[in-house]
Amino acid sequence: MSRAARALSRAGWPMALLALAACTGGDAPAPGDTGASPRFALAVVGDSDSHSYQDRISFPEGDPARGGAYRAVSFNWYEILARLRADQLDLGEWGVRGTRGRIARALRAVGIPARAPRKQDYDYNFAISGAGCEDLVEGYREVPSLLAMMDADPAPWRHGAVVFRIGVNSFGTQRALEALGADPGDARVNGAIDACVAALGESVARIHARHPDTRVVLVGIFDNTHWAMHFDHAWSPEALANVARGLDRFDDALRAMAASDDRVAFFDDRAWFRAHFGDRDARGQGAYRTLEFVDGTRVENKMGDAPTHTTLADGHAGTLVSGRWAASLLDFIGQQWGLDFRPLGDRELLALVAPTGPAVVSADGREQEGADRPATPPAAR
């Protein structure tokens, strides 16, 4: 695909149709020009856990989602890597991506790859809020859109990776977990798990058929019985054990995919949470630890828009816990494939939640009364 065609796939209406005339002809690089970047390209396919919180198209000003009064300092793991490791990671440029659904369907009908929906995000971020595993290949078509971008400029993907973090909307909902709690062999939920595994397998196969050197990280499913948004639901020890057995079906399948291909790695999200926050006790009650930072800031497994909570008021991960997760993922990728990334430190993360003016949290982790709210930082490179 030429650069013109690539631009067309990103353009909005009516610019998409105006660009049609530019799609003929090629602009392949000169012989010997690989266009290789010294940075490690990192793409993501997934749902709202990875869709940038600072997207002003999907989440316009005045919308209470994604951080409320703390929106300017509410970031997910991908945004944090873009801001703090842009010298080592290539996540694409920040800007408006995609087209509206109707226009995207029309373009696809004439053979033009079209990314949808329209959002403000990094070029290599294909995550869409609300997406399920069915949106990997069909629906939102995240993987075909990813491949169109990779095909247009293959060089970075000879030294890069794609992170898949998806599944919670398909089989990690409260209703699905309650069904697993009653019966870990529940046919409906297990069918959704198997369909998700199949979609991931097809997605990885498609990537490696066209970009055989690209690494893939498969993130395991998070156990939403630990989600602060649903702490009002009572779980018996027996139900929790059943949920764990049910979710093992998904994680074990991803582990097997990783074990069979050294280009694929499995990141255990449930193990990460246990290592950082602990678990429920023998009675099924929450017995979570606090996440402590170098200056004494404490992040608790509670809901609230201040950065000292694991979960924002709308149910998404808070900035500091996202930062620790991003640090762990970066370490994991480096160790898995022998890459030398600088570790993400606590002080970098703490500075990120208060980049200008007085800090929004004090050393003991409490929200400061009357603290000035930092302005939204500029988009990373």
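Reader: Let's start with strands E1 and E5: in which sense do they pair, and over how many bridges?

Author: Happy to begin there! Strands of a sheet pair through backbone hydrogen bonds, either parallel or antiparallel. Here, strand E1 (residues 40–46) and strand E5 (residues 160–165) pair in the parallel sense over six bridges. Two strands count as paired if DSSP finds at least two bridges between them. The names come from DSSP runs numbered from the N terminus: helices are H or I runs of at least four residues, and strands are E runs of at least two. Within this pair, Leu42 stands opposite Ala161 in E5.

Author: A word on the model before we go on. This is a predicted model, in which local features need pLDDT of at least 70 and side-chain atom pairs count only at pLDDT 80 or more, while totals for chains, interfaces and linings use all residues. Residues are numbered from 1 along each chain as its sequence is written, and side-chain values use heavy atoms, with hydrogens and water left out.

Reader: Which sheet do E1 and E5 belong to, and in what order do its strands run?

Author: They sit in an open sheet of five strands, in the order E2-E1-E5-E6-E7, with parallel pairing. At the edges are strand E2 (89–90) and strand E7 (264–267); each has a single partner strand, so one side of each is left without a neighbour in the sheet. Helix H3 (residues 77–84) packs on this sheet and touches E1, E2 and E5. The direction of H3 makes about 165° with that of E1. Contact here means heavy atoms within 4.5 Å.

Reader: What is the order of the sheet with three strands, and what is its pairing?

Author: That open sheet has the order E10-E11-E12, and its pairing is mixed. Strand E10 (residues 291–292) and strand E11 (residues 298–303) pair in the antiparallel sense over two bridges, and Leu291 has Val299 as its bridge partner in E11. E10 and E11 form a hairpin with five residues between them, and Gly296 in the turn has a positive phi of about 100°. E11 and strand E12 (residues 309–311), on the other hand, pair in the parallel sense over two bridges, with Met303 opposite Thr311 in E12.

Reader: How should I read two packed helices, for example H8 and H9?

Author: Two packed helices are described by the angle between their axes and the distance between the axes. Axes are lines fitted to C-alpha atoms, for helices over the stretch in contact, and angles run from 0 to 180 degrees between N-to-C directions. Helix H8 (residues 187–210) and helix H9 (residues 237–259) pack at about 20°, with their axes 9 Å apart. H8 and H9 are therefore roughly parallel to each other. For the wording, angles under 35 degrees count as roughly parallel, over 145 as roughly antiparallel, 65 to 115 as roughly perpendicular and the rest as oblique.

Reader: Which residues make the contact of H8 with H9?

Author: Among them are Ile193, Cys196 and Leu200 of H8, together with Phe250, Leu254 and Met257 of H9. The residues of this contact divide into nine nonpolar, three polar and two charged. In that count Ala, Val, Leu, Ile, Met, Phe, Trp, Tyr, Cys and Pro are nonpolar, Asp, Glu, Lys and Arg are charged, and the others, Gly among them, are polar.

Reader: At what angle do H7 and H9 pack?

Author: Helix H7 (residues 174–182) and H9 pack at about 105°, with their axes 7 Å apart. H7 and H9 are therefore roughly perpendicular to each other. The contact of H7 with H9 divides into six nonpolar, three polar and no charged residues.

Reader: Which cysteines does the disulfide join?

Author: A disulfide is a covalent bond between the sulfur atoms of two cysteines. The cut-off used here is a pair of cysteine sulfur atoms within 2.5 Å. The structure holds one, joining Cys133 to Cys196 with S to S 1.9 Å. The torsion about the S-S bond is about -50°, so this disulfide is left-handed.
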